[in-house]
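Have it open beside you and take the points in order.

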Amino acid sequence: MDLGLRGKVAVVTGASRGIGKAIAHSLLNEGCGVAVCGRNAERLDAALIELSEIGPRTIGVPTDVTDEAAVNRFVSAAIEAFGRIDILVNNAGTHLRGTVETTTRSILEQQLRDKVFGFFSMIQAVLPIMKRQRALSSHRRLRRRCL
Amino acid sequence: MTDEAAVNRFVSAALEAFGRIDILVNNAGTHLRGTVETTTRSILEQQLRDKVFGFFSMIQAVLPIMKRQHDGRIVNIVGQAARHPHPDRFPSGVTNAAVMAMTKSVADAVARDNIRVNSVCPQYIESELLASLIDKEMRERGVDRATASAGFSRANPLGRTGKPEEVADLVAFLVSDCSNFTTGSSVSVDGGYHRYVFG
């Protein structure tokens, strides 16, 4: 199925394994350039070898998305490699079990940190890039109409 | 409420004074405005700390007492940003949604201990917060109080702002025996503002 994604650039977090890797796999198959990240450098390297066989336009940066500076480095690396970011898939996150009675404050903090703050940092990092791309795209369409 | 030790002292003092705790109303919390772009990490942390961790600490402190009694009623005052996370209510949207999930999760966990847990979602209530928002509207738009207030009262089908007593009446009902078959629910007290037929 052609989803019209050829040439787009995607950033996928938590892509060393599982759902994240499957998403990266699928986007590569659709013709996207894909930047992936994961916390564990070894697992990420192994995933990159696999993903590169599907599409050469793949980069990976070991990144803990709860670390704002690391997020900014990852997003900068994606821009340097591909020049744009069209898609963000926030997949990185844990799923910590527990009831209200067995959950400690630090478990709840960790869960929120991984998912809420991880997603938040990634969104804040890519939004200015996506907004600039929209502005540039509108400008180009206007120029074409005027010529 | 964000200080666990202080929470435990408060709950101990209540138990010492009265010998039991039948009802917990989690009302303490801030409502910090901002969009995803203007909200800083520390603002979001503060919003979560005040509401999610504040409510969590209080619930953890009273649950053992309510379980021993085999009776308890908990109401979390949440706010409609949970259902309507408008772009400029990013911090409270995220936080209130988390508290709604907390309400349902805790309600299901303790139902068989005869402890009921519900949320109340007020919107457009004449509070100090609403008064400060009206003042801000007056300053930013250069309009009089009636004009600034109209924006809030027109936004709901009943066409007026609500009174704090109207929220209190609903809370009193939810912690009374008249609502003994209601738990894990969220009730809006917002003049009909919410747009959802389901949930």
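What percentage of the contacts in chain A with a separation of 6 or more comes from residues 24 or more positions apart?

1. The answer is 64%. Please keep in mind as you read that this is a predicted model. Taken along the principal axes, the C-alpha atoms of chain A fill a box of roughly 65 × 30 × 30 Å. Of the 147 residues in chain A, 33% are buried.

2. Next, look at where the two chains meet. Chain B gives 15 residues to the contact and chain A gives 13 residues. On the side of chain B that touches chain A, H2 and helix H3 (90–110) of chain B each supply at least two residues. H2(B) provides the largest share of that side, with 8 residues. Sorted by class, the side of chain B that touches chain A holds 10 nonpolar, 2 polar and 3 charged residues.

3. Now for the interior. In soluble globular proteins, nonpolar side chains tend to be buried together. Here the largest nonpolar core has 38 residues, and those that touch the most other members are Val52(B), Phe55(B), Met58(B), Ile59(B), Val62(B) and Val120(B). At least two residues of this core come from each of these elements: helix H4 (105–146) of chain A, and, in chain B, H2, strand E2 (72–77), H3, strand E3 (115–122) and helix H6 (164–174). H2(B) makes the largest contribution to this core, 12 residues. There is also a second, separate core of 31 residues, which includes Val11(A), Ile23(A), Leu27(A) and Cys32(A).

4. Two valines are worth a visit. Which residues does Val120(B) touch, if those up to four places away in sequence are not counted? They are Val75(B), Ile77(B), Val78(B), Val167(B), Leu170(B), Val171(B), Leu174(B), Val187(B) and Val189(B). Val75(B) itself sits in strand E2 of chain B. It counts as buried because 23 C-beta neighbours lie inside 10 Å of Val75(B), and the cut-off for buried is 20 or more. Leaving aside neighbours within four places in sequence, Val75(B) is in contact with Val25(B), Asn118(B), Val120(B), Val171(B), Leu174(B) and Val175(B).

5. Then follow the helix packing in chain B. Helix H1 (residues 4–18) of chain B packs with helix H2 (residues 41–69) of chain B at an angle of about 35°, and their axes are 9 Å apart. H1(B) passes H2(B) in a right-handed crossing. From H1(B), the residues Glu4(B), Val7(B), Asn8(B), Val11(B) and Leu15(B) meet Ser57(B), Met58(B), Ala61(B), Val62(B) and Ile65(B) in H2(B). By class, this contact has 7 nonpolar, 2 polar and 1 charged residues.

6. How do H4(B) and H5(B) sit relative to each other? The axes of helix H4 (residues 128–141) of chain B and helix H5 (residues 145–153) of chain B come within 9 Å and cross at roughly 120°, so H4(B) and H5(B) are oblique to each other. Their crossing is right-handed. Leu130(B), Ile134(B), Glu137(B), Met138(B) and Arg141(B) of H4(B) make the contact with Arg145(B), Ala148(B), Ser149(B), Gly151(B) and Phe152(B) of H5(B). The residues of this contact divide into 5 nonpolar, 2 polar and 3 charged.

7. Finally, check two backbone angles. His70(B), in the loop between H2 and E2 of chain B, has a phi near 55°, a positive value in a residue other than glycine. Is His70(B) buried or exposed? His70(B) is exposed, because 10 other C-beta atoms lie within 10 Å. Asn114(B), in the loop between H3 and E3 of chain B, also is not a glycine and has a positive phi of about 65°. Asn114(B) counts as partly exposed, with 15 C-beta neighbours inside 10 Å.

Methods:
Residues numbered from 1 in each chain as written. Chains lettered and ligands numbered in written order. Predicted model: local features only at pLDDT ≥ 70, side-chain atom pairs only at ≥ 80, totals over all residues. Axes fitted to C-alpha atoms, helices over the stretch in contact; angles between N-to-C directions. Helix = DSSP H or I, 4+ residues; strand = E, 2+ residues; numbered from the N terminus. Left-handed = near helix turned anticlockwise from the far one by under 90°. Contact = placed C-beta atoms within 7 Å. Nonpolar A, V, L, I, M, F, W, Y, C, P; charged D, E, K, R; others polar. Core = buried A, V, L, I, M, F, W, Y, C linked by C-beta atoms within 7 Å. Buried ≥ 20, exposed ≤ 12 C-beta atoms within 10 Å, placed from the backbone. Parallel < 35°, antiparallel > 145°, perpendicular 65-115°, else oblique.
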